[in-house]
Protein chains: 4
Amino acid sequence: MVIQFADQKREFNKRPTKIGRRSLSRSISQSSTDSYSSDSSDDETSPRDKQQKNSKGSSDFCVKNIKQAEFGRREIEIAEQEMPALMALRKRAQGEKPLSGAKIVGCTHITAQTAVLIETLGALGAQCRWAACNIYSTLNEVAAALAESGFPVFSWKGESEDDFWWCIDRCVNVEGWQPNMILDDGGDLTHWIYKKYPNMFKKIKGIVEESVTGVHRLYQLSKAGKLCVPAMNVNDSVTKQKFDNLYCCRESILDGLKRTTDMMFGGKQVVVCGYGEVGKGCCAALKAMGSIVYVTEIDPICALQACMDGFRLVKLNEVIRQVDIVITCTGNKNVVTREHLDRMKNGCIVCNMGHSNTEIDVASLRTPELTWERVRSQVDHVIWPDGKRIVLLAEGRLLNLSCSTVPTFVLSITATTQALALIELYNAPEGRYKQDVYLLPKKMDEYVASLHLPTFDAHLTELSDEQAKYLGLNKNGPFKPNYYRYLNFFILITF
Amino acid sequence: MVIQFADQKREFNKRPTKIGRRSLSRSISQSSTDSYSSDSSDDETSPRDKQQKNSKGSSDFCVKNIKQAEFGRREIEIAEQEMPALMALRKRAQGEKPLSGAKIVGCTHITAQTAVLIETLGALGAQCRWAACNIYSTLNEVAAALAESGFPVFSWKGESEDDFWWCIDRCVNVEGWQPNMILDDGGDLTHWIYKKYPNMFKKIKGIVEESVTGVHRLYQLSKAGKLCVPAMNVNDSVTKQKFDNLYCCRESILDGLKRTTDMMFGGKQVVVCGYGEVGKGCCAALKAMGSIVYVTEIDPICALQACMDGFRLVKLNEVIRQVDIVITCTGNKNVVTREHLDRMKNGCIVCNMGHSNTEIDVASLRTPELTWERVRSQVDHVIWPDGKRIVLLAEGRLLNLSCSTVPTFVLSITATTQALALIELYNAPEGRYKQDVYLLPKKMDEYVASLHLPTFDAHLTELSDEQAKYLGLNKNGPFKPNYYRYLNFFILITF
Amino acid sequence: MVIQFADQKREFNKRPTKIGRRSLSRSISQSSTDSYSSDSSDDETSPRDKQQKNSKGSSDFCVKNIKQAEFGRREIEIAEQEMPALMALRKRAQGEKPLSGAKIVGCTHITAQTAVLIETLGALGAQCRWAACNIYSTLNEVAAALAESGFPVFSWKGESEDDFWWCIDRCVNVEGWQPNMILDDGGDLTHWIYKKYPNMFKKIKGIVEESVTGVHRLYQLSKAGKLCVPAMNVNDSVTKQKFDNLYCCRESILDGLKRTTDMMFGGKQVVVCGYGEVGKGCCAALKAMGSIVYVTEIDPICALQACMDGFRLVKLNEVIRQVDIVITCTGNKNVVTREHLDRMKNGCIVCNMGHSNTEIDVASLRTPELTWERVRSQVDHVIWPDGKRIVLLAEGRLLNLSCSTVPTFVLSITATTQALALIELYNAPEGRYKQDVYLLPKKMDEYVASLHLPTFDAHLTELSDEQAKYLGLNKNGPFKPNYYRYLNFFILITF
Amino acid sequence: MVIQFADQKREFNKRPTKIGRRSLSRSISQSSTDSYSSDSSDDETSPRDKQQKNSKGSSDFCVKNIKQAEFGRREIEIAEQEMPALMALRKRAQGEKPLSGAKIVGCTHITAQTAVLIETLGALGAQCRWAACNIYSTLNEVAAALAESGFPVFSWKGESEDDFWWCIDRCVNVEGWQPNMILDDGGDLTHWIYKKYPNMFKKIKGIVEESVTGVHRLYQLSKAGKLCVPAMNVNDSVTKQKFDNLYCCRESILDGLKRTTDMMFGGKQVVVCGYGEVGKGCCAALKAMGSIVYVTEIDPICALQACMDGFRLVKLNEVIRQVDIVITCTGNKNVVTREHLDRMKNGCIVCNMGHSNTEIDVASLRTPELTWERVRSQVDHVIWPDGKRIVLLAEGRLLNLSCSTVPTFVLSITATTQALALIELYNAPEGRYKQDVYLLPKKMDEYVASLHLPTFDAHLTELSDEQAKYLGLNKNGPFKPNYYRYLNFFILITF
């Protein structure tokens, strides 16, 4: 446990990085919400010092300004339109309430899409209390709307570290109420309960964890024999992985580059470092827009795929002098070094679509002989003594997180997976899940997908009895073998 | 002339429409410049009432605020990086000055890209005086930077109609200075001289006109036998047409939709009305991003092309109930009617990439039973009594003009074409051009293209003597027949 | 006339080249018909020496073997299925017979597709007599089927030069019958009548010519003032050009390479010389299959298009050592020289998709130090002293002519255009056409396209009265300006 | 064992189906080799009755005609050019001989590519004896060339069932020689040894099995506890799966359709049943050629992928009346039923790219009211009473097996994987492999891929020490986790 805590501290300090690709919705996008968001309000009083009540008289919440609820409600309604699966779950829940009796404590980004999830959990019968998993990512209006609707939410944009843990504690430490389910994103909530209220786990039926970091911690706990309830790793469901990586990046690489630089893609020479799912998405999109794309890889299998998909496989050094754009998608560190940056041509754009802010050695650019000039939000010109300018986006942090938006449809898949994981763990018969980390059952993964097909007016074919027998499958799935579910993590993020 | 004037009046009233696809650079994009632009300054004094001098003591200009020159200069420098052809012309002009003695009066959008053009004309030996062709499109900082550098510029953002003509007059009506070349965009400057100072044409060697509207007026003048100097239609050069339409729209349709709606393209059903160059660009981009695209057409040849390119050719009615996005690219009117809008499904996005704001019958939506809700800048939800929402972008005006940016590289092609047209008309031997409207000689069109190839590190092959003889071509071009030049207009915008 | 004859002689000698991309149907494809065709029959008697009658007792024809008619009829029926436009014309002709009274003499390739055309002309009211325009291209069974159906056909595969002219003469020189229309492909028939029966032109209403060569001759005659009837150039109709070049080559480059080499396209490096329509089609197809494609160009405008479409523009020398495939599409000569061939790597494939067999300097490979080894039909290994092998396809002749097939659908467009041109010339009021060379009226070009839309179940939109007025167009077309028709030739084959 | 034998009998009867997608090289392609192959020789003597010796005097082989060795050698040499990985293995084996002492008995298709494999095994130190795994697939000339080079080969095209087992027996039942390794394709050789010479397994170090069928049998043996040596499943290596399915089908669907029907892809409506790797390849290729593609699926995850990739997901019934082509890629049975066939439009093409000949219910078409007309090799017109024709390819068997060719490059990957699997099993230290079925170690899979990269002049990036440490990877791979290798089978064939 001591080790965990040390780990925790370290994680906290690099929180902005930890956010991951996940839950950042359009609401956070600078370009779209500035005019509507009230974040710039001059109210400097800490929410912890305010006395606020919602229209029903409840004060069991802590948000920036309960009066912003109406604007937040509109954002939630817009999000509902693109989250058809959760709305479908609500409809089906009108008879049975699969989460009846569930007491869920949650710790996630607080956005319009999360609000749709929380309100769906409510509609399914659950009681919820919620805190933010990130000190910056709360959309205050949405938090207000949730509070107004009666959800005890403790979260605002710009919390201090002390605020952060205070909010989590307010969710958990309630008189007369004790959670029996955890929905976590990053593992901080889980960590807090482990540390402060270990006895609570006696009543907890399971943990649903969303992030790479949090899943990693759970596996560590499990290995150490310290995981005392079943946990569901929803980060690695097939559907979510494909959407978060291939499909989402295919669109966001274009969006992120356009919003920051207004560049033309046609004819530009681009090198993409890494040909996993993220790299594949970036390459496909840029090729389609008329860019000439080079790829670097360390894994010969991915390298061969890049060849067969029509990309020249090179070492970065071979093309660094000639390319117009450098994009990192490796999950590795120092992929783009100062030496590379020194050799780039004037005007070269450098950005990162990978898993951390380590891929470009940005630190190496903070030397006296280089001048930094911020030309737009998220866009810096780094200027060499000879006048050469490198265009660095988002200071090397994730481009699609910082400079583009994540479509609600992608978040819908994540949120639906979370809801189903909660339902599964809450309703699973004694003994189905032990004190271990599980992937979502294959059939549920398929169910998440099927709930999103109506959006595309897509019509699934059903097996005839004869065909099901021939294939040895149940007509309703799962259509992939059961053991499959333990494995997809390793495969899908790589090929 | 009376007819012209009436025409003029009518045009003026719908000025915002007239802007065309052309010269709107990133500088106008709301999302990118708001934080840097000083347009929101509280200085309400009319520039006409101010006393301003630049650092050299000159007051022969009228801009919003000469003190903004420094910021404007930086924008100009950034633009220079992506306008390699003009910079190349400047270099070549160090010896000979092909515009030595030229006195150019210009009337265009005043943006960073135009500034690069104006300063290039100066470097080529010309004296220039400049006004804006649009009352809203001036970037004040850039105008200031030009004034600071000694160019007499008369222009600011937010001119009144009276201001507009006053500025033009200040460019033309100068003691001791008389223009011998006109560079116009929209025909207003040309019209003003015709009306007020017809004698000036005695010294004028030619007009270079940029816009569809302006070219149309020149052809009318020519037909009526009233055109008294040669005019060059640069709107219809091959290079410009391809860039302004196919290549530019391929990128800006994605950009415009993302910035306004943050939607995901994958799996979306889209109908594109019209399969000319603009429609082809839109269809190709959306298909590449995973949308399912339908096309409507009236011309069987374009229709057959749509089929061969893999798009279902339908009538709008056949798919209107099922599509997620409707995009018009026809140049026609009322392509999307109220009846169509009534039948669209909830959440359908409607936008226009065509040549005017007439394609969608927006007027039909301004009825009492429908509610309009502005959800973002340029995005309206039109709400039917049953709650159905249609997402209307830019109120039916050009999407790529209103909601995305035009890459500098595209503007570079236009600006270079203008510069070469001025050089050609100014230096042409007596008799080469009569009082008629001309297209840029094929060879010059090719020269514009060749000046942009270095950007792509592209290496042109040269004909051997033997090959040139075999093909019956000059080794240096033109590579297309001479009569070709009269025709490309009709072809290129349609197939 | 003397000049013409010299020209004629020269042309004759290189006949195999002259064939052009056009009319070679699948029936000629070696790989598909060998087992069914009876060409290998041992019957060595010249058809001129045979006595044959069809089942109705007529002997006014000369074919290889009238007994093969049944197989030929089946081929014709198969072709009819993919020539919907001609079948539609037949239906519409049940009432009016627009060619009633027409006496057409034709000289084209004799294939199943031509047979559908000839029988359509018959159904429209015309009398027809027919010869082959090429000594090798006749499908004997089809000729037999036509003869059996009562069409006087004079043609067989493997004619001598004397046979060739004898056949043409038999079509023209008939007692009691004189042609009033000519349908020619290559100009040989027209030439023969000019030379032998110049008086016949008094009754001839017009010539329809299909080939580049034939059109060139007609323009020469016209320039020389010797063209004594109107002629219609159907080679350069928009629809035909696009299909013969872009769309057809996009598919046939893949087909031709696969059938000859069974190579895998994915990951291969390819250089395409020339980026006109043919080059564009080749590049698009190979890029889609995962090849890495380089382009060479002499024209800066096409070069810029290649860049924007995502191809590296290089000089051939820059990539010649590294590429796996070299494809010429220039219309030029000696684009690939012996020097290039010397520098290619082992196994490099070299082929030609351009307009002649001059693009690759094949002659330079016929030197003693190089060994030629025929490894398959149309595939030679040229072996250097060091063992290096270059794979030369079709000895540098047109790949898609020699090694792939032309889809019937493409030929349908050509044949329909020919039929409409005949109808137009035959029915045109006195004075509409002078003794000059014309392009098919724009509206007819559109009509050809519209007749092919039902194949794709494509639904054309019709203009409303209001829209037609707004655009200044007739509701039924033409949708492109009239002067457009004189120009498309120059444009479409180049951009 | 009894069960196995019954299974064996059943399999034998449907041998032509069993061949699988794998090893059919271009040499078998009917269209390319007819003129060079000597299969049509009139020599009717059974090879078993002939007395033949090779030039070194050995008669330990049985082939059709040893005199054809020279032609076979040339085919082998051509194949060597596209099998760079095996040639690289030969080079590395000049010092060490990793198969020194190995006695390999093999049973595979006997083609030029297999010959390169066998001769490579020889160069690596192994003694080999070989039989064919299929009675039709032997290329006689290649068998002769191997025999001439001293490899005891027992195989010819057109063996009887008795011949088939006789040949296998001659490989195994040799005096003074006993195999210690098995390379099998289909399991017949393994089965024969189990049945006839079970004691041989005492000396056998392992089995390498190539086919789905053979692997399935091995797993059955393993489950039943009867597998007495380690076995390596090379069918399911990542590299092989991707190449055999996605990349290969992407090309062969076009090739197969063109060679059989000469159809044009542009504008055609196609329905692809199944969106696994094979379906993905077919869809991508046809979309790129301008077809309009619909997809059917039973698995919601694959269905969602189809949507995101831009294909309309439908039930077959919804589009069956309108499509031009139906392609099955499901692995299921009766996907296309008689009812579907009854509703197809005239001229519709029906073919199968899936895993068996059961996908199209061809049997249902063998009814008296329907007429079958064979129009080309592998192409039947099935004619309905009303004249409607359905074009059925390869009688519903695998299109790419029957009507196109498999590039040598694909076979190179398979053959290299086989060679490495043999080396691994032969050299593995005692105890590394038990009596179970294994997948190729991840690192070896990566090694196969890396051996093929030079073909594409592809340059792999190497991790720095620091990066390897950061990622927790060995610098030389494997780059995917070790447990990964047990799992890829289930994943890769499905997503």
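I started at Leu422(A), which touches Leu99(A), Ile104(A), Leu121(A), Met181(A), Leu183(A) and Val208(A), leaving aside residues up to four places away in sequence. Touching, or contact, here needs C-beta atoms, placed from the backbone, within 7 Å.

Ground rules next. The model is predicted: local features need pLDDT of at least 70, side-chain atom pairs count only at pLDDT 80 or more, and totals for chains, interfaces and linings use all residues. Residues are numbered from 1 along each chain as its sequence is written, while chains are lettered from A and ligands numbered from 1 in the order in which they are written.

**The core.** I asked which residues touch the most other members of the largest nonpolar core. They are Leu422(A), Leu422(B), Leu422(C) and Leu422(D), in a core of 624 residues. Such a core is a set of buried Ala, Val, Leu, Ile, Met, Phe, Trp, Tyr and Cys residues joined through C-beta atoms within 7 Å. A residue is buried if 20 or more other C-beta atoms lie within 10 Å of its own, exposed if 12 or fewer, and partly exposed in between.

**Chain A overall.** I noted 20 helices and 15 strands in chain A. Both are DSSP runs numbered from the N terminus: helices are H or I with at least four residues, strands are E with at least two. Of the 495 residues of chain A, 59% count as buried. Among contacts in chain A with a separation of 6 or more, 75% join residues 24 or more positions apart.

**Chains A and D.** A rotation of 180° with 0.0 Å of shift along its axis superposes them, at RMSD 0.1 Å. That is the relation of a two-fold axis. Ala, Val, Leu, Ile, Met, Phe, Trp, Tyr, Cys and Pro count as nonpolar, Asp, Glu, Lys and Arg as charged, and the others, Gly among them, as polar. Because 100% of the interface residues of chain A are also interface residues in chain D, the copies meet through the same surface.

**Chains D and B.** Here the contact takes 11 residues from chain D and 11 residues from chain B. The chain D side divides into three nonpolar, five polar and three charged.

**A sheet in chain B.** I traced an open sheet of seven strands, with parallel pairing, in the order β3-β2-β1-β4-β5-β6-β15. Which strands are at the edges? They are β3 (153-154) and β15 (437-439) of chain B, each pairing on one side only. Pairing requires at least two DSSP bridges between strands. Three bridges join β5 and β6 of chain B. Ile207(B) stands opposite Ala231(B) in β6(B).

**Covered pieces of chain C.** In strand β8 (residues 292-296) of chain C, five of five residues are buried. Ile292(C), Tyr294(C) and Thr296(C) lie on one side, Val293(C) and Val295(C) on the other. Strand β7 (residues 269-273) of chain C pairs with β8(C) in the parallel sense over five bridges. Val272(C) has Val295(C) as its bridge partner. In helix α9 (residues 188-196) of chain C, seven of nine residues are buried, including Trp192(C).

Terms used. Copies are superposed by least squares on the C-alpha atoms of residues with pLDDT of at least 70 in both. Two residues are in contact if their C-beta atoms, placed from the backbone, lie within 7 Å.
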